[in-house]
Amino acid sequence: MEYEVLARKFRPQLFSEVIGQKNILQTLMNALAKNRIAHAYLFSGPKGVGKTTFARLLAKALNCQQKEGIEPCNTCSSCKEIAKSISMDVIEIDGASNRGIDEIRKIKENVGYAASSGNYKIYIIDEVHMLTKEAFNALLKTLEEPPSHVKFFFATTHPSKLPTTIISRCQRFALERFSTSMITEKLETILKSLTIEYEKSALLLIANVADGSMRDAESLLDQVIAFESKVNRANVIESLGIVEKKELYFLDELKRVQNIGPVFELTQKLITSGKDLNLFLEDLMQHIRHYLIIAILKEKATEFLQESTQDMEIYFKNQDLYSKELCLYLLEYLIQSQERFHFTSNKQVLLEVILLEIIQSQKPKRFEDLLDNMQQQPKAKPQEKKKMSQNKMDTIIRFSQVELEGILKKTT
Ligand SMILES: [Zn+2]
């Protein structure tokens, strides 16, 4: 039998199987129960959070021939055809590859005809923001006066790229990223049903790399299973090219003793062992973000960060190395470096520079301390004074609340 990828095999087939997105789920289930389904829905959100899953579920529920309550039966011919994407009444269009007006014209020509067997003719357009301007105009006419048996379900990762005229004619749902615990729970369910052995800490690693995308997490799990039959920490690290925290903690130790010599060896090791350097930079950012969160939330950081007890112990032990101000500076520095990282022809050199900066950078002075310091300075000539205070000002790193939120968002 052909191998079915996990994301497809374990896609929710019932509303009761949907994880998270509670408000959206509730609204849709109410609408189904009251038989008040809008003629157009727009599902927006990052990749892998369930936009097309919702669209397909809704399509199945609407056209199911032996619906039980609001849930589709998943056994009638309509449900089966939709699941296989071969239904004549539920037409799925990938907006990215079918961008033109011809596709939309086809829809316009066909909406007039009744559905062949089901109740509704349903058009699911994925990545709808990719359609051309002409295609949108053609679509708009249909959206303005859709026949009652026609429904449009749109999905997009970039709702801001859609014309407002389209958006205003849809009921909109913004889907959220999945939390780490939601992802690890789903992965556990999958592994249990496949009777594959696993370590919880390994699933946590996968969830962290997946960054809120369930589909990414499932694909990563596919990758690990293809590599080894057991899903343990070592296999995940090896198969996904993840850098262990061991290396990050080593960096902390170098910072403590201010020893920069081993940086070159460390970088070399990362490269020769085939680690993904982009991923390493991400991990570095997460690492510093952990210290920032500890600096701000103190003891409460433990429940927020979802790390193992051993890891949290190390973080708390080393927290004196990274003040809040230093974390903010380093995160800003890492975000900028990440952009440069994509374009540099020599990633090794840039990585060495980054690691040296992390080890050597000291806690930036607090604004208040600098002011005190300036007031205590002996009187200087106005010209010199201006120069001096300018230099001091240059060393002050000021972050407004907005910037802090921006940084946290970028690193989440
Ligand atoms: Zn059915």
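## A tour from the zinc site to the aromatic pairs

Select the zinc ion to begin: its protein donors are Cys64 (SG), Cys73 (SG), Cys76 (SG) and Cys79 (SG), lying 2.3 Å from it. Donors here are N, O and S atoms within 2.8 Å of the metal (3.2 Å for Na, K and Ca); water is not among the atoms, so sites may look incomplete. This is a predicted model, in which local features need pLDDT of at least 70 and side-chain atom pairs count only at pLDDT 80 or more, while totals for chains, interfaces and linings use all residues. Residues are numbered from 1 along each chain as its sequence is written, and side-chain values use heavy atoms, with hydrogens and water left out.

Stay at the zinc ion. The angles among its four donor atoms run from 99 to 121 degrees, and the site is tetrahedral (four donors with all angles between 85 and 135 degrees). Along the chain, the donors follow the spacing C-x8-C-x2-C-x2-C. Cys73 and Cys79 are both buried (under 20% relative accessible area, with a 1.4 Å probe and protein chains only).

Next, select residues 133-144, which are helix H6. Helices (H or I, at least four residues) and strands (E, at least two) are DSSP runs, numbered from the N terminus. H6 has twelve residues and reaches 16 Å from its first C-alpha to its last, close to the 16 Å expected at 1.5 Å a residue (1.5 Å times one less than the number of residues). Colour its buried residues: Ala135, Phe136, Ala138, Leu139, Leu140, Thr142 and Leu143. Then show what covers them, including strand E1 (40-44), helix H5 (101-110), strand E4 (150-156) and helix H7 (164-167).

Now show the aromatic rings. Rings of Phe, Tyr and Trp (its six-membered ring) pair if their centres lie within 6.5 Å; planes under 30 degrees apart count as stacked, over 60 as edge-to-face and the rest as tilted. By this rule there are eleven aromatic pairs. Tyr41 and Phe43 form a stacked one, at 6.2 Å centre to centre with 20 degrees between the planes. Tyr41 is buried, with a relative accessible area of 1%, and Phe43 is buried at 0%.

Move to Tyr123 and Phe152: their ring centres are 5.5 Å apart and their planes at 25 degrees, so this pair is stacked. Tyr123 lies in strand E3 (residues 121-126) and Phe152 in strand E4, so the pair ties together parts that are 29 residues apart in sequence. Tyr123 is buried at 2% relative accessibility, and Phe152 is buried at 0%.

Finally, select Tyr41, Phe43, Phe54, Phe153 and Phe173, which form one aromatic cluster.

Terms used
Buried means under 20% relative accessible area, exposed over 50%, partly exposed in between (1.4 Å probe, protein chains only). Contact means heavy atoms within 4.5 Å. Four donors count as tetrahedral if all angles lie between 85 and 135 degrees; four count as square planar and six as octahedral if opposite donors are over 155 degrees apart and all others between 65 and 115; anything else is irregular.
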